[in-house]
Structure formats: C-alpha cells, structure tokens
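Student: Could you walk me through this structure? I am new to it.
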Amino acid sequence: MSLYPSLEDMTVGKMAQAQVQQPQIPMALSAPPVVASGGLYPSLEDEYMGLELTQYRAQIAPQATAVVPAAGTALATRSNSGAVTGVANVGVRRAEIKQGVREVVLCKDQKGKCGLSVFAASKGVFVSFVAKGSPAAIGGLRFGDQILAINGEVVAGYSSEKASKCITKAPAEKITLAVRDRPYERTITVQKDSSNHVGFTFNNGEIKNIVKDSSAARNGVLTDHYLCEVNGQNVIGLKDKEIGEVFSESPRTVTITIMPKFIYDHMMKNMGSSLKKQMDHSIPDV
C-alpha cells in the first residue's frame, strides 16, 4: 500500500499503473487492429481533475516500484511517483510533521530571552509564539510544537507559568528541549487549478468555505480550521491579503498546515494581535 502526497497524485499514478500493467493479447496476422476502450481509468491523453495528464506520463512509468509485504501483512510505503506533486517537493518537505522526538538546543540573547512563549493544554506544554529572528526561530521551533522536557526536566502536567519559569531560570548559554512536532496539526497537499486557486476561502486565517470539485475538496480540507503554515512557512499573524500573496507566489503544488479552530482559539486566547505580528514568518530550511 502506497502513500501519495495528494489525491491527484494517487489518481494519476493508478492510471499509469493500470496502463503499464494492461496485458498484451496476441493477435493473428490477418486480424484487424483492435483499439481498447472503456478501460477502468481514462487515458493519459485526457484532461482529468483539471490537470493536463500528458505532461506527467513520462514521469510515472520509469518510477514504478513494487513492495511485497509478508503474507497476511499490509505495508504502507511512501510512493516515489509523485506524478503531479513531483519527487522530493520542497513545500512538502518544509511542511512535514515528523514522527518521534527531536532535541533542540537554544541559548538566550543579550536581553536574556530566547523568543519563545508556551501554553499548557491537555497536560502538555506547547509552543504558542516564536519571535522573528530569535534563538527559538533559529533553532527551528514552530507554533504548535510540544515541549516534553526542558534541560532534562519532564514538563508533562506543568502549567504555562511553571513551564515558562523553567525556561527563564535555565542557564543563558544552553537550554536543551525535547520536542515533538506539532501533534495538533496536520498537513494537506493540494493542487492549483487553471485560475491559480486551490479551492477554499479564509477569513482572518480561518477556513470558511470549500469549493465543490476543487483540489481542496478532493484532498479533505475542512472548515472550522485555521491556516498555520503554507509550504512550511508560518502564516499566523499575517493579514489575509499577505496570506493570499504567499499562495499566489507558491508553485502549483501547495502544502498547507491546519489546526482545528477550538484548539487554535484555546492556544491564542491570551495573545494580542500586536504580538502575532512579531511571530517568525521565515521560510524554513530543508
């Protein structure tokens, strides 16, 4: 079982596989040519889901791979045939929410700060603010990351204030954090249509409407969610016009990171609009 970046990638990939695997039936020399029709998938000569498929045909066939799991097991693998998204898409890589725990080492600036605010919820401690150009931003922390430990001290069950004091009291030259990537967020990869739209509207960063038959609808974008990132770039605190410009400048494939509204509202309820504007909006390295 393969995993694809988007529904468009899966559909085009399956169309290619079906045509590559189509059995060749031997014909007698005297038999007239036979043209197959009515197949399970449309031809790659066609337009499908608003995409001109011909340009993707050459990208798919050479990349076909097979993984055979042991009997009675199902093995999920990432497909390397992102026919629409492309192989190793930068936006997908920047937005990736990795599984597991990573270590982040920070120091404090000349003012004794590391540019980080935290919020406690569900017995966990989460990053609610990363200042532009701060040690926290340079260290790769993002809004929504869960902090598991501060200098070896497990912070599960700590209040926001208690966790903040741990950071404040930590030595300026080294603060070691154990971090889990953004557990309340998820990424969705969508494709722009011919009018450069992905198929949803938003107001103050909140997704309000989904366009029928759009890439957003096909790939499971939901209302009552907030945009947190576009191609891995934090957009919290940006005006809708500025977010729109990020979408406009994005390539055809766009990966968005979203968070349910009730969680977002809970995390942001004590943050003023002026502080949001000071958040880090840099494009992460890959």
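Tutor: Rings of Phe, Tyr and Trp (its six-membered ring) pair if their centres lie within 6.5 Å; planes under 30 degrees apart count as stacked, over 60 as edge-to-face and the rest as tilted. The model is predicted, so local features need pLDDT of at least 70 and side-chain atom pairs pLDDT 80 or more, while totals for chains, interfaces and linings use all residues. Numbering runs from 1 along each chain as its sequence is written, and side-chain values use heavy atoms, without hydrogens and water.

Student: Which residues form one aromatic cluster?
Tutor: Two of its members, Y226 and Y264, pair with centres 3.9 Å apart and 15° between the planes, which is stacked. Both Y226 and Y264 are buried, meaning under 20% relative accessible area with a 1.4 Å probe, protein chains only. The cluster is made of F143, Y226 and Y264.

Student: How do the planes of F202 and F247 place that pair: stacked, edge-to-face or tilted?
Tutor: F202 is in strand β12 and F247 in helix α7, 45 residues apart; helices (H or I, at least four residues) and strands (E, at least two) are DSSP runs numbered from the N terminus. Their ring centres are 6.1 Å apart and the planes stand at 35°, so the pair is tilted.

Student: How many residues does the largest nonpolar core have?
Tutor: A nonpolar core is a set of buried Ala, Val, Leu, Ile, Met, Phe, Trp, Tyr and Cys residues joined through side-chain atoms within 4.5 Å. Here L106, L116, L141, I147, I150 and L177 have the most contacts inside the core, whose residues number 22.

Methods
Buried means under 20% relative accessible area, exposed over 50%, partly exposed in between (1.4 Å probe, protein chains only).
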